[in-house]
Amino acid sequence: MLTQEENDLLCRVEGDAPMGRIMRRHWLPACLSEELAEPDGDPVRVRLLGEDLVAFRDTDGRVGVLDEMCPHRRASLVLGRNEECGLRCLYHGWKMDVEGNVLEMASEPAESKMTEKVKHKAYPTHEAAGFVWVYMGPEEEQPAFTAPVFQPTPETKVSISKVIVDCNWAQILEGAIDSAHSSSLHSTDMVPARIGGAEANDKVWLRPSTDKAPRLQLQKTRFGFRYAALRRPITDARTHDYVRTTLFIAPYTVQIPPNNLYDIAILHVPMDDTHTAFHFIAWGDEATTPDTESWRKFLGTQIGIDLDARFRKFRTRENNYWQDRRIMQLGTSYTGIRGIPNQDIAMWETMGPIADRTHDRLGASDLAIVEFRRQMVQAAKTMQQGGPAIGTSEPRIPHYKLKSFQGVVPKETDWRQLGTAPEETEPYAAEPDTQTQ
């Protein structure tokens, strides 16, 4: 349970809010590369940390992310002409390039040197792993871009589902680090089976356990933390545990356990205090990782079917997320809501635009939630006091080296060693352990 002040520190990202200042010191996904598929194509409206921006791909294929409003009279550049390596405002013909340089001012005399005196707000960009990334923090603190956790090699196949969720980023991320809820909320899609580890097909995810009350153990790290959810397996329950490890990579990434075909990561990018760009990502080998459209179909997040062209949901609180109580009564669906993320979204959004954590009653299965809140509230206080943003202190951890794990193992196995090579264990052991049974 948090105080109202702590809840605000955790959730608020707009203006000069400490959490927003933390986010600005990390590279953030602004939009998908597919949204800017062609040079001189349609500009895209982007909202990040309470700022309205415009993204575009110029004639040479370079990507820019600028303040949406023209520096002249503040008309929207989303409606502008994307031509000849610049974005031209419709109102008076001012034209800006991807770096914010004003190239032309059609409304000014030819001899005017006003273009040399005006610079439009533009953020540094980097394109990788299916995203256009931006850095929105102080120039002197800008880190070099490094590969995200879901791109361990340049050849890694990446498939991304994106949904705009109408609530605060923190309550969404808390869902990603909540292992216990999957056994109830997602029980139709995550099905117990007599298998040796998690498996996937185009209909469901299979798990080797019926245990709905995992025992959690947690390890603090330099990048955030990771924790293990220990469950009784269906077979060999007396001698073995079913172990699933999840990583919180501060400030907005979660790597959940893989299955036999692909790995999974989730990005929770704050658009403002009450809206979040939620990205559910499958990655791995070309032969076993689903293509983008198959991935979105499995999740129930297809454009034109489940979402509009701007990734906004057709399922809403007003229509009860298309919940079908008939199939609930027939026993073919626990929730009556199709798609793992859609089931989650129904829970997140009905908590309210910003969840009131002053009324929470947390239990043993909420260990990771407690640690997330503790770490990020403290991170916000550190930022308020002029300290560094969480996840930026040296030595930085290369995220693409981090791994989650799942499998049935002997009870005496130390889960902290699972899924890592001996030379890779050091990033996980920077802090003492906290655990509960």
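Between which two elements does the loop that holds R25 lie? In this predicted model, R25 is placed in the loop that runs between α2 (18-24) and β1 (28-32). R25 is buried, with a relative accessible area of 13%. The side chain of R25 reaches the side chain of E141 in a polar contact of 3.0 Å. Beyond its neighbours within four places in sequence, R25 is in contact with Y135, P138, E141, P143, M383, A389 and T392.

The protein chain averages a pLDDT of 94, and 96% of the residues score at least 70. Residues 431-437 are a stretch to handle with care, as pLDDT stays under 50 there. For this stretch the model has 21 contacts beyond four places in sequence. Where pLDDT is low, the predicted coordinates should not be read in detail.

Residues 27-134 carry the annotation "domain: Rieske" in an unreviewed UniProt entry. An open sheet of 4 strands can be followed here in the order β2-β3-β4-β9, with antiparallel pairing. The edges of this sheet are taken by β2 (44-48) and β9 (122-123); each has a single partner strand, so one side of each is left without a neighbour in the sheet. Strands of a sheet pair through backbone hydrogen bonds, either parallel or antiparallel.

The pairings around β3 can be traced residue by residue. β2 and β3 pair in the antiparallel sense over 5 bridges, and R47 stands opposite D52 in β3. The two strands form a hairpin with 2 residues between them, and L49 in the turn has a positive phi of about 55°. On to the next pair: strand β3 (residues 51-57) is joined to strand β4 (residues 63-67) by 5 bridges, and the two run antiparallel. Within this pair, the bridge partner of F56 in β4 is G64, while that of L53 is D67. The hairpin of β3 and β4 has 5 residues between the strands, and G61 takes a positive phi near 90° in it. Of the 7 residues of β3, 6 are buried, so this strand is largely enclosed by the rest of the structure.

The cysteines come next. A disulfide is a covalent bond between the sulfur atoms of two cysteines. The structure holds 0 disulfides. For C70, the nearest cysteine sulfur is that of C89, 3.9 Å away, and C70 is in no disulfide. C70 counts as buried at 2% relative accessibility. C167 is likewise in no disulfide; the nearest cysteine sulfur, that of C11, lies 9.8 Å away. C167 is buried too, with a relative accessible area of 0%.

Strand β18 (residues 240-249) brings several pairings together. This strand is mostly covered, with 9 of its 10 residues buried. Strand β17 (residues 224-231) runs antiparallel to β18 and is joined to it by 8 bridges; there, L230 has V243 of β18 as its bridge partner. With strand β22 (residues 405-410), β18 pairs in the antiparallel sense over 6 bridges, and T245 stands opposite F405 in β22. A further antiparallel pairing, over 3 bridges, links β18 and strand β19 (residues 253-256). F248 has V254 in β19 as its bridge partner, and a hairpin of 3 residues joins β18 to β19.

A176 lies in helix α3 (residues 169-176) and is buried, with a relative accessible area of 14%. Apart from neighbours within four places in sequence, A176 is in contact with T246, V254, I256, I266 and H268. By contrast, A176 and A110 are 66 residues apart in sequence and 56 Å apart in space, C-alpha to C-alpha.

Finally, helix α7 (residues 340-350) is mostly covered, with 9 of its 11 residues buried. The buried residues of α7 are I340, P341, N342, Q343, D344, I345, A346, W348 and E349. Just after α7, G352 takes a positive phi of about 105°.

Terms used:
Residues are numbered from 1 along each chain as its sequence is written. This is a predicted model: local features need pLDDT of at least 70, side-chain atom pairs count only at pLDDT 80 or more; totals for chains, interfaces and linings use all residues. Side-chain values use heavy atoms; hydrogens and water are left out. Buried means under 20% relative accessible area, exposed over 50%, partly exposed in between (1.4 Å probe, protein chains only). Contact means heavy atoms within 4.5 Å. Two strands pair if DSSP finds at least two bridges between them. pLDDT is the predictor's confidence in each residue, from 0 to 100. UniProt positions are given in the numbering used here, feature names are shortened, and annotations may be inferred rather than shown by experiment. A polar contact is a pair of N or O atoms within 3.5 Å; within protein, one must be able to donate a hydrogen and the other to accept it, and residues adjacent in sequence count only if both atoms are side-chain atoms. A disulfide is a pair of cysteine sulfur atoms within 2.5 Å.
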